[in-house]
Amino acid sequence: MLKVSLIAHTPEPEKVVAAAAKLCYSNAHIDDLLDGLTPEKSADFVRMLARMGHESPTEHASFTFAIEGVSRSLLAQITRHRIASFSVQSQRYVRLDQFEYVTPPAVEEDPEGLAAFEQAMAEEAEHYRRIAAVLKEGHIRQLVAQGMDEEKAAKKAEKMAIEDARFVLPNACTTKMIVTMNARSLQNFFHHRCCNRAQWEIRELAEQMFKLVYEVAPALFATAGPSCVVGPCPEGKMSCGRADEVRAHYAALKEGVNQ
């Protein structure tokens, strides 16, 4: 099950962004750069930046998320957002005999499809266990023959075995990660991944991340969400055609966070 937590962020992120903007547009010195930057003034600065399209000051605020219960398929998508930092649970070092997995909603809604999917996951788990066991025994024999102590050989063989056995694990297999992005990268991430045309799993993740950052920096993320929230849909003939519905949805999300 998807779980997302905002575990750290730049203290007073809107104030930090406002200070960066103030330095750009005034002759303020660093000793008095923060003078007068109340929460209200900081929010005004941030809104002014959004109107001007001046995005670089928002890079000074960063947000770190702990994420679990997502698939390796999602991992392949989120790491395409390259202005970010990722730490991911390793399949080389973590044995996954009974791996958890993500089931697509369309599969869950189809009894026959769900049964086939669950059978496939069980079979993949068995393949993984069998391959790991066979490889481990072989590595132990080789290492002992080379003169290694049997206990040390078993520990090393375990790592060597699961490093190769992981190749049979499916994209549905869950993973965990820590992700850090600055506010500008998050805006880009939300524009692409909150869109109705984004894949369902990463869209759900993006929406949860959006709610977490909007709660701590509402002015900074006032225009966040899919691109159609603040402008025309950029998808052209591929548009979902439901921009009004999407705008209403994000307005409701923001209202819910503010309550």
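Which helix gives the most to the lining of the largest pocket? The structure examined is a predicted model, in which local features need pLDDT of at least 70, side-chain atom pairs count only at pLDDT 80 or more, and totals for chains, interfaces and linings use all residues. Residues are numbered from 1 along each chain as its sequence is written, and side-chain values use heavy atoms, with hydrogens and water left out.

Pockets were located on a 1 Å grid over the protein atoms alone, a pocket being an open set of points where a 1.4 Å probe fits, with protein on both sides within 12 Å along at least five of seven lines; lining residues have an atom within 4 Å of a point. A volume is the space filled by probe spheres set on the points, which are joined across faces, edges and corners. The largest pocket has a volume of about 460 Å³. Its lining consists of 23 residues, and those nearest the centre are Ala-50, Glu-55, Thr-58, Gln-187 and Thr-223. Helices and strands are DSSP runs numbered from the N terminus (helices H or I, at least four residues; strands E, at least two). Helix H7 gives the most to the lining of the largest pocket, namely six residues. Helix H2 (39–52) and helix H7 (183–193) each supply at least two residues there. In the classes used, Ala, Val, Leu, Ile, Met, Phe, Trp, Tyr, Cys and Pro are nonpolar, Asp, Glu, Lys and Arg are charged, and the others, Gly among them, are polar. On this basis the lining of the largest pocket has nine nonpolar, nine polar and five charged residues.

The second largest pocket holds about 200 Å³ of space. Its lining includes Met-1, Tyr-101, Pro-105 and Trp-200. Strand S2 (62–71), helix H4 (105–108) and helix H8 (200–216) are the elements that give two or more residues to this lining, and the largest share, three residues, comes from H8. Seven residues of this lining are nonpolar, two polar and three charged.

A nonpolar core is a set of buried Ala, Val, Leu, Ile, Met, Phe, Trp, Tyr and Cys residues joined through side-chain atoms within 4.5 Å. Buried means under 20% relative accessible area, exposed over 50%, and partly exposed in between (1.4 Å probe, protein chains only). The largest nonpolar core has 41 residues, with the most contacts inside it made by Ile-67, Leu-186, Phe-190 and Phe-221. H8 provides the largest share of this core, seven residues. Residues up to four places away in sequence aside, Phe-221 touches residues including Phe-63, Leu-186, Phe-190 and Phe-210 (contact: heavy atoms within 4.5 Å). A second, separate core has 13 residues, among them Met-121 and Cys-173.

Salt bridges (a side-chain nitrogen of Lys or Arg within 4 Å of a carboxyl oxygen of Asp or Glu) number 13. In the one between Arg-92 and Glu-163, the closest N and O atoms are 3.3 Å apart. Arg-92 lies in the loop between strand S3 (85–88) and H4, and Glu-163 in helix H6 (residues 150–165), so the pair ties together parts that are 71 residues apart in sequence. Arg-92 is partly exposed at 29% relative accessibility, and Glu-163 is partly exposed at 22%. Asp-244 and Arg-247 also form a salt bridge, at 3.0 Å between the closest N and O atoms; being three residues apart in helix H9, these two are separated by about one helical turn. Asp-244 is exposed at 59%, whereas Arg-247 is partly exposed at 30%.
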